[in-house]
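Subject: Handover of a structure and its findings

Dear colleague,

Please find the structure below, together with its sequence. I would be grateful if you would read the notes that follow alongside it.

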Amino acid sequence: MAPDQSNVVLEVQNLKKYFPISAGLLRREVGQVRAVDGISFTIPPRKTLGLVGESGCGKTTAAHTIMRGLEPTGGQVIFHDALLGAVDLATADKETLFQVRRNMQMVFQDPQSSLNPRMTLLDIIGEPLVIYKIAKGTELIDRVAELLKRVGLRPEYMRRFPHAFSGGQRQRIGIARALALNPQFIVADEPTSALDVSIQAQTLNLLQDLQDEFSLSYLFIAHDLSVVEHISDFVAVMYVGKIVELADTHRLYHSPKHPYTEALLSSIPRPDPAIQQTRVAIRGELPNPASPPKGCTFHPRCPYAEAICAEEEPALQEVESGHVAACHFADNLNLRGVNEF
Amino acid sequence: MHPNLLEITDLKTHFFTEGGVVPAVDGVSLSIKRGGTLGVLGESGCGKSVTGFSILRLVRPPGRIVGGAIHYFGRETVNGEDLTALDARSEALRQVRGAEIAMIFQEPMTSLDPLFTVGNQIMEAILYHQDVSKAEARKIAVEMLDKVRMPQPADVIKQYPHQLSGGMRQRVMIAMALSCEPQLLIADEPTTALDVTTEAQILELMRELQDELGMAIMFITHDLGVIAEMAEEVAVMYLGKVVEQSDIQSLFADPQHPYTRALMQSIPKVGQKSSGRLEAIRGMVPSPRRIPSGCPFHPRCANFIADLCNVKTPQLKKTRAGHSVSCFLYDDGGSSNGA
Amino acid sequence: MVASGDAMPDNPISPDFDAEETEVISVRRLMWLRFKRNRLALIGSAVLIFMYLAAIFAGFIGPYGLRETHEKFPASAPLLPRFVDEEGNFGFRPFVYAMESKVDPATFKRVLTPNTDVKHYLHFFARGTPYTILGVIETDIHLFHVDEPAKVFLLGTDKQGRDLFSRIFYGAQVSLTVGLVGVSLSLIFGTLIGIAGGYFGGLFDDASQRIIEVLISFPQIPLWLALAALIPPTWTSVQRFFAISIVLSLVNWGGLSRQVRGMVYALREEDYVIAARYASASNWRIITRHLLPNTLSHILVVATISIPAMILGETALSFLGLGIQPPMTSWGLLLNQAQHTRVLIQQPWLLTPALFVVATIISFNFLGDGLRDAADPFAN
């Protein structure tokens, strides 16, 4: 039980999650949706990995598979627990999962459905503490009060129900619940996308402050590229179940190596009327994940596609040190960064 | 012809709920130029959508237009027709809705009937307003789908809404809205539910169609990026009031109302990553049932002036050509002294 | 005059910004506010409260006992209290004339004629036939009573000369509780199976769903009849009463179970349930703390709405002679006497129990509607 000294908190290796498609009276399996199809990344301590992609790309499924809310179809999720050392969550037994979940928690997207309407804030935030028998009675109340204060809510609200709070406040309650067990690692699934613009900044600041204060690592999932750039140290871009590019934030935004990343960056509506955007023409829409195109999944929409792209699936290769992209022409294309449109 | 297509003066739309009166729109004045684009920017609850619904007289009880006028200077009327004065079931209003002014929404699935094919629904809209045969209506429907860059429009008209993706559905909604060549299109957060690449496609489509058809657009959104891309004129709304109104260049170059400024500072700007914190606006939008006294923004304002902002309500005043703001910082008619 | 930005607290998430904004209303209170808005539901609950109180205090409301026969008055028309006497004098005290049974010398039929010499005033809260309330409190105080030989039959008598008015409230004791007992049984059964199926899924879920499908595709009345016919005739009335409740709930639990399963199935994907799972909450904890509290109000609505079917079921079974057996009585059994057209024409008052059935069923439906609105206090 030596404390883990490694420089990684989470190591995801070739993680897969397939959902069966069944049809007919007998529910025979007729195919699979490869929602997450072999993704790999690592998250160092106190760092944030941003996971971006459009709806249906599998980023939320990936989050729940990492949390082991969904059973992985394959791959490894190695969590470097402060007490237990390296644990493969994909195969961990119940007892190990119980131990590890103290150290990894989740913040959800929808502040409406993430809080039980029949429980008071005390019950909601205190539940993990009760389950892990960390606190009860007045000690529990004190701990919940402290957590509420930390996320910017008055401790007197403890006995109120979630419906009395606004979306931004509810998101704080959800963050307080995730913090209750003092975890090392938090998965935040679109934590600001249901919030108003003026509330979004408060929530992002709170997440950053908490990261510093509690030495947290984040897996930050979002579709808003501006938010992801702001909060992340590294960014992974997902497309139809796969990571197509991964790099540190600055390199990914300023010298992308995958045409899909370039297309995403060029699509961002910029809050500056002076910028005359020359968009990368990207055709069509996301393919059906149940029957993705052959070869590179992006080739039907890619402005740079050539014959090989429809035939061969490109492997994720290192273009520069710490910068990987899955494109046959990653070395040759001269793609534009976010400020070059 | 009148230079403006639509002029809203001192519009008040209130909701009479059990918990009290909610002044969702409280004295809004706006004008939309012929063929121009007015952006209405605001967060949830600011009354931007209710303003759109009020124009089409689609506000449902317990909501009611309680004051003001909406003058529409359509094809024939020179002096303008006050839409608020029309009878809710009149033929005149029916003609305005759909044929003169059309609307598209955030979630196209809720405005499309899942039981009818896409073609059926577009044709219905055409037959309602135009004196054409069914076969002609079908032809127009295919043409419209083609116009919104729908691939294989002849096949799409036989499909049901659930068979289409979100972006395709929004294209169908636009096709339906434009089928009668309206003078004004009210677009209420039309891309909010869409992914970023699809959003870019739809925004581009709307701009192209505007050039082609010459219609005016009222673009309602909370997204500063989208507004910068779409609008020529912008009205910033907060708690039922217009707090700043300007042409787009001036608004982004020199935002004057503390709310507008704070909003612009609070969003992360892509491509300009800094390691620091964002400049958040403190507090939250108050409940519309309990609107603060004086300037509605004063409890959150960084430039709050005690005994003034919480007592008196500022009026929208012109600070330079084409730029007005309702804030006491600009009361002397001069430039900003609080920044 | 101009306050600079620095005057504001540095921390934008300082806890003082939303002080007076939030309201402290529990979900339960919200539900009550919503329920109160539905006037029909309020009327329905008032009627039901009256009905159940009347059933509990049946002995007090009715002037005569359940089995008390009046040999001289078989199949008598209602004998109502009057305020105006033979001479046309009006008085505020209600009274009756004693009836004398005589043989008509011409037709040789027995006819009842009032003896107008003596006025028998109604006594309120007076002593009469002894009875017990809820089987424990023994008393003989009645709401109203008239001294012998006068009689008061507000709704007439049956062919054995028993006062229908009194018997309707005794019948209510059975008819109104058979639904409650039956619903409680199907509530327990249906909720357990529904939650287990909805939450755990798998083979158990499939099997229970198929059984329910078979159960609810049977025509109800024949199924009831068949099951009721299995009850041994030697059982006592109390045993029979519970047997009938079980029969009714056996047919009824399936629908309830399906609804519970559907709700649980939807709720288990809610983020707060997933959050609880990620906090290592046990299944027991998730079911009791998260799923049950959020389905309970809906379950109660479904239960309320299925009570009328049970009451009608009991009425139907008893009407057909397969339900409650004498000496116990129920509304169905009371109606059993009114099966023939001939009887109905001569003694239409025998139909009055049907009015009570109808009023109860409608009230339960109103109440159910009101509860359904209240169960979802956040809907607009």
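I begin with the division of one chain into domains. Chain B is split into domain 1 (4-238) and domain 2 (241-270 + 278-330). Please note that the whole model is predicted. The C-alpha centres of these two domains of chain B are 27 Å apart.

Within chain B, 22 residues of domain 1 are in contact with 22 residues of domain 2. On the domain 1 side, strand E2 (20-33), helix H9 (224-230) and strand E9 (233-238) of chain B each supply at least two residues. The most comes from E2(B), with nine residues. By class, this side of domain 1 of chain B, where it touches domain 2 of chain B, comprises 13 nonpolar, five polar and four charged residues.

I turn next to the contacts between chains. The contact of chain B with chain A takes 36 residues from chain B and 36 residues from chain A. On the chain B side, the elements giving two or more residues are helix H8 (196-213), H9, helix H10 (248-253) and helix H11 (258-266) of chain B. The residues of chain B on this side divide into 17 nonpolar, 10 polar and nine charged.

Chain C also touches chain A: 26 residues of chain C are in contact with 32 residues of chain A. The side of chain C that touches chain A holds 15 nonpolar, six polar and five charged residues.

Finally, some remarks on confidence. The model scores ipTM 0.90 and pTM 0.83. For chain C, the mean pLDDT is 79, and 92% of its residues reach 70 or more. Among the elements of chain C, confidence is highest in H8(C), at 94, and lowest in strand E3 (residues 110-121) of chain C, at a mean of 75.

Residues 1-22 of chain C call for caution. Over this stretch of chain C pLDDT stays under 50, and the model has 37 contacts beyond four places in sequence for it. Where pLDDT is low, predicted coordinates should not be read in detail.

With kind regards

Notes
Residues are numbered from 1 along each chain as its sequence is written. Chains are lettered from A and ligands numbered from 1 in the order in which they are written. This is a predicted model: local features need pLDDT of at least 70, side-chain atom pairs count only at pLDDT 80 or more; totals for chains, interfaces and linings use all residues. Two residues are in contact if their C-beta atoms, placed from the backbone, lie within 7 Å. Ala, Val, Leu, Ile, Met, Phe, Trp, Tyr, Cys and Pro count as nonpolar, Asp, Glu, Lys and Arg as charged, and the others, Gly among them, as polar. Domain bounds come from an automatic or database domain assignment. Helices (H or I, at least four residues) and strands (E, at least two) are DSSP runs, numbered from the N terminus. pLDDT is the predictor's confidence in each residue, from 0 to 100.
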